[in-house]
Amino acid sequence: MSQGDLAGQVAFITGGGSGLGAAFARRLAADGATVVVNDISADAASAVAIEIGGDTAVFDVGDSAAFDAEIDKAVERHGRLDIMINNAGIAPPPDPERTQRAIENQVKRMEGRLDELVPPNSTVDLSDADWDRMIRIHLYGTFYGTRAALRHMTPARSGSIVNISSVLGLRPMAGALHYATAKAGIIALTKSVGQEVAPFGVRVNAVCPGWVDTPLLAPMDPMMMAGIVMQIPRGRMATAGELAELVRFLAGPDSSYCNGDVFAASGGFV
């Protein structure tokens with residue numbers, strides 16, 4: 001990749017006020033792109049935009065009408081849309097009691113005491129509201145962003161859309177079925193839309209990060225975190241900067257033959 005080869009291009013990044021989204025914004029801006037930073041927090045979006053000399057779009061990605069309006073405003077203001085990064089997301093809230101039960105069950109499994117396992121009831125206890133919110137932010141948000149971007153990219157016969165899924169969309173784990181379902185849906189969406197728009201010069205690809213050291217994981221139980229790291233062949237979590245390099249590749253011209261493709265960055269976890 002050549003430094004500065006995104007000069008003159010306009011990128012729109014959802015969830016860009018912190019974590020992975022902020023890392024993506026900084027990386028694309030470093031190569032010359034004008035970045036529109038979306039976040040539900042005006043302060044977070046503004047802080048990153050000021051740092052990189054970009055613009056802001058404050059709205060909830062689960063709001064279809066707001067998404068359409070803000071993409072249209074960005075194109076009107078900057079004259080074009082070249083890169084769309086659908087990154088916004090949430091993590092399941094911590095549940096100390098269920099975490100402790102999972103740890104105790106794992107010990108029992110290791111000791112062969114299967115008849116003493118206590119049902120985690122992750123599925124039984126999942127509320128309609130929590131299911132809907134997870135699916136809406138991740139899957140609906142990605143659909144809304146993809147659709148809004150294509151309304152400008154397809155007529156221009158140019159553009160790159162990068163959807164942020166997860167290794168849990170490729171390798172679901174018990175206890176976060178709504179998150180894994182949403183992320184798996186993003187993979188299917190990416191493949192389907194990627195095939196549709198490939199003949200029109202628009203590329204749609206997905207990145208499936210593994211466990212990344214960002215504030216999103218801060219509430220996780222330390223023992224549970226240690227157990228996860230033990231399963232990663234690389235022996236550590238990723239940094240946001242490492243994921244930003246992959247997103248940068250897919251956003252730019254170097255990935256010209258990638259369309260409807262899914263890229264895991266898991267440290268060997270998948």
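Helix 5 (residues 128-156) supplies the largest share of the lining of the largest cavity, namely 4 residues; helices here are DSSP runs of H or I with at least four residues, numbered from the N terminus. This is a predicted model, in which local features need pLDDT of at least 70 and side-chain atom pairs count only at pLDDT 80 or more, while totals for chains, interfaces and linings use all residues. Residues are numbered from 1 along each chain as its sequence is written, and side-chain values use heavy atoms, with hydrogens and water left out.

The structure holds 1 cavity of 30 Å³ or more, a cavity being a set of points, on a 1 Å grid over the protein atoms alone, where a 1.4 Å probe fits but cannot get out. The volume of the largest cavity is about 40 Å³, taken as the space filled by probe spheres set on grid points joined across faces, edges and corners. Its lining residues (an atom within 4 Å of a point) are T14, V61, F67, N86, N87, A88, I137, H138, G141 and T142. By class, this lining has 4 nonpolar, 6 polar and no charged residues, where Ala, Val, Leu, Ile, Met, Phe, Trp, Tyr, Cys and Pro count as nonpolar, Asp, Glu, Lys and Arg as charged, and the others, Gly among them, as polar.

Helix 5 also packs with helix 7 (residues 177-197): their axes come within 8 Å and cross at roughly 15°. Axes are lines fitted to C-alpha atoms over the stretch in contact, with angles from 0 to 180 degrees between N-to-C directions. The two helices are therefore roughly parallel to each other, the term for angles under 35 degrees. The crossing of helix 5 and helix 7 is right-handed, the near helix being turned clockwise from the far one by less than a right angle. Contacts (heavy atoms within 4.5 Å) involve, among others, H138 and T142 of helix 5 and L189 and V193 of helix 7. This contact comprises 13 nonpolar, 7 polar and 2 charged residues.

Helix 1 (residues 19-30) and helix 2 (residues 42-52) pack at about 20°, with axes 10 Å apart, which makes helix 1 roughly parallel to helix 2. Their crossing, too, is right-handed. Here A22, A25, R26 and A29 of helix 1 meet V48, E51 and I52 of helix 2, a set with 5 nonpolar, no polar and 2 charged residues.

Note on methods: Angles under 35 degrees count as roughly parallel, over 145 as roughly antiparallel, 65 to 115 as roughly perpendicular and the rest as oblique. On a 1 Å grid over the protein atoms alone, a cavity is a set of points where a 1.4 Å probe fits but cannot get out, and a pocket is an open set with protein on both sides within 12 Å along at least five of seven lines; lining residues have an atom within 4 Å of a point.
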